[in-house]
Every structure is written in structure tokens, then in C-alpha cells.
Amino acid sequence: KHTPGPWTVNDIHRNARLITAAPETAAERDRLKAINAEMMAALEIVRNILGHATAGEHGPGADLYRAYLVSRAAIAKARGES
């Protein structure tokens, strides 16, 4: 929680700029978290589709297989598993 504004900034106090931006910063963080959750869900769908559609790293499904591996690695990295 934060102290409601309006806030003013005095050039003498450098941290005041950060304090005045705190509500907007928190709102942007929350917006980006929501977008990230949506992207993770979409990426997991793609990973599942590609995982079922590929036949290995060689042959006609090779590009799909590489996309599957990239998506799997991205999900693991986003979850802190790699």
C-alpha cells in the first residue's frame, strides 16, 4: 500500500521522485504480470501442440520440434527451473 497523493517533488530529496512514481510503478508491474501470465498460458498451449505434432529433430517435423524445444526452454526459464 502507498500513501495517497497528490505528491510534490522537492529537488533536494532525490528519493521523492521514486516515491511519487510508486503508484504508477506498481500499476505497471501489475499490468506486466498479467500480460506475462497470458503469454505463459499461450506458450504452454503452443508447447503442448508442438509436442504432439513433432516426430523428432530430423525429418518433416524438424522445425516444429525445434520450436517445441525453444518453447519448453522458455517456460522452464520463466519458471526459474533452468
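## Ground rules

The model is predicted, so local features need pLDDT of at least 70 and side-chain atom pairs count only at pLDDT 80 or more, while totals for chains, interfaces and linings use all residues. Residues are numbered from 1 along each chain as its sequence is written, and side-chain values use heavy atoms, with hydrogens and water left out.

## Overall picture

Let's start with the fold. The protein chain has two helices and zero strands; here helices are DSSP runs of H or I with at least four residues, strands are runs of E with at least two, and both are numbered from the N terminus. Helix α1 covers residues 15-53, and helix α2 covers residues 62-78.

Of the 82 residues, 15% count as buried, where buried means under 20% relative accessible area, exposed means over 50%, and partly exposed lies in between (1.4 Å probe, protein chains only). The chain exposes about 6700 Å², and carbon and sulfur atoms supply 59% of that area. Accessible areas come from the Shrake-Rupley method with a 1.4 Å probe, and for residues only the protein chains shown count as cover. Among contacts with a separation of 6 or more, 33% come from residues 24 or more positions apart; a contact means heavy atoms within 4.5 Å.

How does the span of helix α2 compare with what its 17 residues should give? At 1.5 Å a residue, the helix should span 24 Å, and its end C-alpha atoms are 24 Å apart, which agrees. The expected span is 1.5 Å times one less than the number of residues. After α2 comes G80, with a positive phi near 75 degrees.

Which residues of α2 are buried? They are A62, Y68, S71, I75 and A76. S71 counts as buried because its relative accessibility is 4%. Leaving aside residues up to four places away in sequence, S71 touches L43 and R47.

## Salt bridges

Side chains of opposite charge can pair when their charged atoms come close. The structure holds three salt bridges, each defined as a side-chain nitrogen of Lys or Arg within 4 Å of a carboxyl oxygen of Asp or Glu. One of them joins E28 and R31, at 2.8 Å from N to O. Both residues lie in helix α1, three residues apart, about one turn of the helix. E28 is partly exposed, with a relative accessible area of 35%, and R31 is partly exposed too, at 43%. Another bridge pairs D30 with R29, whose closest N and O atoms are 2.9 Å apart. D30 counts as partly exposed because its relative accessible area is 39%, and R29 falls in that class at 45%.

Which parts of the chain does the pair of E44 and R79 link? The side chains of E44 and R79 meet in a salt bridge at 2.3 Å, N to O. This pair links distant parts of the chain, with E44 in helix α1 and R79 in the segment after α2, 35 residues apart. E44 is partly exposed at 22% relative accessibility, and R79 is partly exposed at 43%.

L32 lies in helix α1 and counts as partly exposed because its relative accessibility is 44%.

P23 is also found in helix α1, and its relative accessible area of 26% makes P23 partly exposed. P23 and T3 are 20 residues apart in sequence, and their C-alpha atoms are 9.0 Å apart in space.
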